[in-house]
Amino acid sequence: MYGRKVKLRFLYVTLILVTLILTVYLVLKSLEENVVYFQSPTEIKTLSELDKNKIRVGGMVKKNSININSDEVNFIITDFKNEINVSYSGAVPNLFAEEKGVVAEGFLKDRNFFSATKILAKHDENYMPPEVKEALEEK
Amino acid sequence: MFKILEPNKIFQITSKAPKYILFLFVIVLTIGLTEALILSPEDYKQSDAVRIMYVHVPSAWISLGIFSSITLLSISGFIFKNKNFFLIAKSLAPSGFVFNIIALVTGAIWGKPTWGTWWAWDARITSMLILALFFAMYLIAWRIYEKEEKVFKITSFITVIGIINVPIIKYSVDWWNTLHQPASINILTKSSIHSSMLFPLLLMTAAFALFSLLIFLMKYNTELIKIKNKGLDRL
């Protein structure tokens, strides 16, 4: 029903698209380490050697782990398998709280201790009014 | 099928439509803003900062939708050698670009009070920036190249390369660790956004879609007038 030229052009566009998708897939696969914004405590634990550069660690702030001193905030980031201790001096974002997502940027002292230079709060995809949250917690 | 339609006949419809669309847009936007800024509840965690979502999310959706549309139109235009498809794509692009920028800017404004940073080079935000660059390239290409054949080919090529980025934007939050939160609205599973907040979100999306339609019609009418002035009665 369509002319030969039309079919050829269709094939041409399809080939370009398939080639591009495969190329981008391969590039992203090989760059995976750099595409992720942060690493989890488990990934830190399994590092073959300690990274001297600035890195980001993300996960949940462990319950009852926040300890605020005069000039330092200490807390534990957990991914429910492994944890890492974080120390930070400075102001934390408003949404920073226990059992909430957090991303800490800074340097690894060792596998269990992280010295943060910046704290970012990561919020989840749940949106609801406070009353609904309370009702959910009562259940 | 578009070849049969004369520009005059299309123009009769598209030149009258904008005033009705504008009327509808103003109504939906008024209700949408009232719902989003006053009537909808605050979030349990973010309190009033959540209201930025009602501008941020619809803008991002519309810009992604428009980029997908102009890609589809450009490819169809290229395969079926139809000029009208290219003109529709050209007229759609500016509002897509504007909403892309709005999404990036409101994202930054939302990020500061919630995350604690204006900008993060995470996968979602960076891929959205790349989309804005593709929109810019697409729009500039239309201005640079004078010859029709050439501009059709080059703009199609830009959209074909850029469309690869669209699924990356959509799934970046699922594939990699990002600072950006995952999608709240899923077609297959239950949405993680409360209905009292979902309603204004959908209203604002409708308002923005109407606005895009309005800008599209204005741009498209200009294209039709240009063709008429050249003395061509067929597309």
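**A tour of chains A and B**

Select H4(B) and H8(B): H4(B) passes H8(B) in a right-handed crossing. A crossing is right-handed if the near helix is turned clockwise from the far one by less than a right angle, and left-handed if anticlockwise. Helices here are DSSP runs (H or I, at least four residues), as strands are (E, at least two), numbered from the N terminus.

The model is predicted: local features need pLDDT of at least 70, side-chain atom pairs count only at pLDDT 80 or more, and totals for chains, interfaces and linings use all residues. Residues are numbered from 1 along each chain as its sequence is written, while chains are lettered from A and ligands numbered from 1 in the order in which they are written.

Stay on this pair. Helix H8(B) covers residues 195-229, and its axis and that of H4(B) come within 8 Å, crossing at roughly 140 degrees. Axes are lines fitted to C-alpha atoms, for helices over the stretch in contact, with angles from 0 to 180 degrees between N-to-C directions. H4(B) and H8(B) are therefore oblique to each other. Angles under 35 degrees count as roughly parallel, over 145 as roughly antiparallel, 65 to 115 as roughly perpendicular, and the rest as oblique.

Show the side chains next. On H4(B), pick residues including Leu87(B), Leu92(B) and Phe99(B); on H8(B), the residues they meet include Phe208(B), Ile215(B) and Tyr220(B). This contact (C-beta atoms, placed from the backbone, within 7 Å) has 10 nonpolar, 3 polar and 3 charged residues. Nonpolar means Ala, Val, Leu, Ile, Met, Phe, Trp, Tyr, Cys and Pro; charged means Asp, Glu, Lys and Arg; the others, Gly among them, are polar.

The crossing is left-handed. Here the contact residues are 17 nonpolar, 12 polar and no charged.

Finish between the chains. The contact takes 32 residues from chain A and 35 residues from chain B. On the chain A side, H1(A) gives the most, with 9 residues.

Definitions and conventions: Two residues are in contact if their C-beta atoms, placed from the backbone, lie within 7 Å.
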